[in-house]
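Here is a short briefing on one protein model. Keep the sequence and the 3D view open as you read.

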Amino acid sequence: MHVLSVSSLKGGVGKTTVTLGLASAAFARGVRTLVVDLDPQSDVSTGMDIQVAGRLNVSDVLGNPKEKIVRQAITSSGWAKVHPGTIDVMIGSPSAINFDGPHPSVRDVWKLEEALATIEADYDLVLIDCAPSLNALTRTAWAASDRVIVVTEPGLFSVAAADRALRAIEEIRRGLSPRLQPLGIVVNRVRPQSIEHQFRIKELRDMFGPLVLAPQLPERTSLQQAQGAAKPLHIWPGDSAQELAADFDALLDRVMRTGRIPVAGEARA
């Protein structure tokens with residue numbers, strides 16, 4: 001099971017939409033996928049059409065990461081009505097903010113890792129939608145992860161936030177979780193005709209070299225529309241939606257190569 005955190009230390013750059021785009025690509029590919037909604041805004045849970053009534057959630061899991069609790073906090077996405085496949089969500093909750101203090105204990109940081117270990121045989125890929133800060137929730141996600149993908153946009157402050165995120169990943173790798181590495185930086189909401197955007201993308205490449213992933217994701221309303229309708233991007237009509245879906249397929253290819261995730265139908269190790 002390969003665990004990927006989707007992170008940004010700056011809000012409003014489309015971190016959750018990138019999580020949903022990757023989840024849609026994985027579902028279309030037949031990869032057994034769990035999305036952990038660790039952002040207290042819980043937008044991933046909404047975008048994946050889940051029923052929260054009567055269910056436990058990620059807050060319960062962080063309080064008690066035993067297998068029984070973990071399984072009760074996970075439910076199948078409404079996307080599974082579209083076509084067969086495993087696409088589940090560990091349900092988000094605003095009360096997760098109670099676990100987002102600035103100085104988590106070592107015990108607390110490892111709780112999500114402990115929880116995911118109980119369901120390791122059930123999934124090929126886990127995507128964690130992180131909180132947009134570097135407090136306890138993000139550290140907890142990173143401790144449970146193999147890789148982190150950093151989402152940014154081509155603007156001055158977002159470039160600085162990407163630099164902070166990469167430094168923080170290295171700090172966690174050295175001090176807490178030696179297996180953790182950055183997958184790279186995804187540049188989101190790009191307007192190709194914008195001179196400012198092209199300047200910022202060049203700046204990112206100059207600073208971070210091959211960590212800047214291709215393709216960059218263009219600014220499109222189709223992903224927001226699919227998200228608002230709680231549908232996977234890959235079934236949303238229109239050329240722009242299909243172009244964006246192809247971009248997420250390419251990013252998923254990178255994730256699957258890095259994580260050595262088997263393609264559906266291949267034998268699992």
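Buried residues make up 54% of the 269 residues in the protein. Buried means under 20% relative accessible area, exposed means over 50%, and partly exposed lies in between (1.4 Å probe, protein chains only). This is a predicted model: local features need pLDDT of at least 70, side-chain atom pairs count only at pLDDT 80 or more, and totals for chains, interfaces and linings use all residues. Residues are numbered from 1 along each chain as its sequence is written, and side-chain values use heavy atoms, with hydrogens and water left out.

**Overall fold**

- The protein has eleven helices and seven strands. Both are DSSP runs numbered from the N terminus: helices are H or I with at least four residues, strands are E with at least two.
- The protein is as compact as a globular protein of its length, because its radius of gyration of 17 Å is close to the 18 Å that the globule rule gives for 269 residues. The radius is taken over C-alpha atoms, and the rule is 2.2 Å times the number of residues to the power 0.38.
- Along the principal axes, the C-alpha atoms fill a box of roughly 50 × 40 × 35 Å.
- Take the contacts in the protein with a separation of 6 or more: residues 24 or more positions apart account for 77% of them. Contact means heavy atoms within 4.5 Å.

**Surface and charge**

- The protein exposes about 11500 Å², and carbon and sulfur atoms supply 52% of that area. Areas come from the Shrake-Rupley method with a 1.4 Å probe; for residues, only the protein chains shown count as cover.
- There are 29 positive and 30 negative charges, and their mean positions are 2 Å apart. Lys and Arg count as positive, Asp and Glu as negative; His and the chain ends are not counted. Each charge is placed at NZ of Lys, CZ of Arg, CG of Asp or CD of Glu.

**Annotated domain**

- UniProt, in an unreviewed entry, places the feature "domain: AAA" at residues 1-181. UniProt positions follow the numbering used here, feature names are shortened, and annotations may be inferred rather than shown by experiment.
- Over residues 1-181 the chain is 39% helix and 17% strand. The end C-alpha atoms of this stretch are 16 Å apart.

- I169 is in helix α8 (residues 156-175). I169 counts as buried because its relative accessibility is 1%.
- Beyond its neighbours within four places in sequence, I169 is in contact with W142, V148, V150, L180, Q181 and P182.
- I169 and T17 are 152 residues apart in sequence; their C-alpha atoms are 22 Å apart.
- H103 sits in the loop between β4 (87-90) and α5 (106-109). With a relative accessible area of 74%, H103 is exposed.
- H103 and A136 are 33 residues apart along the chain, and 6.7 Å separates their C-alpha atoms.

**Backbone exceptions**

- Most residues other than glycine have a negative phi, and most peptide bonds are trans.
- A cis peptide bond joins A214 and P215, with omega about 0°. P215 is in the loop between α9 (195-208) and α10 (222-228).
- A230 is not a glycine, yet has a positive phi of about 55°. A230 lies in the loop between α10 and α11 (239-259), and counts as buried at 13% relative accessibility.
- R260 also has a positive phi, near 50°. R260 is in the segment after α11, and counts as exposed at 76% relative accessibility.
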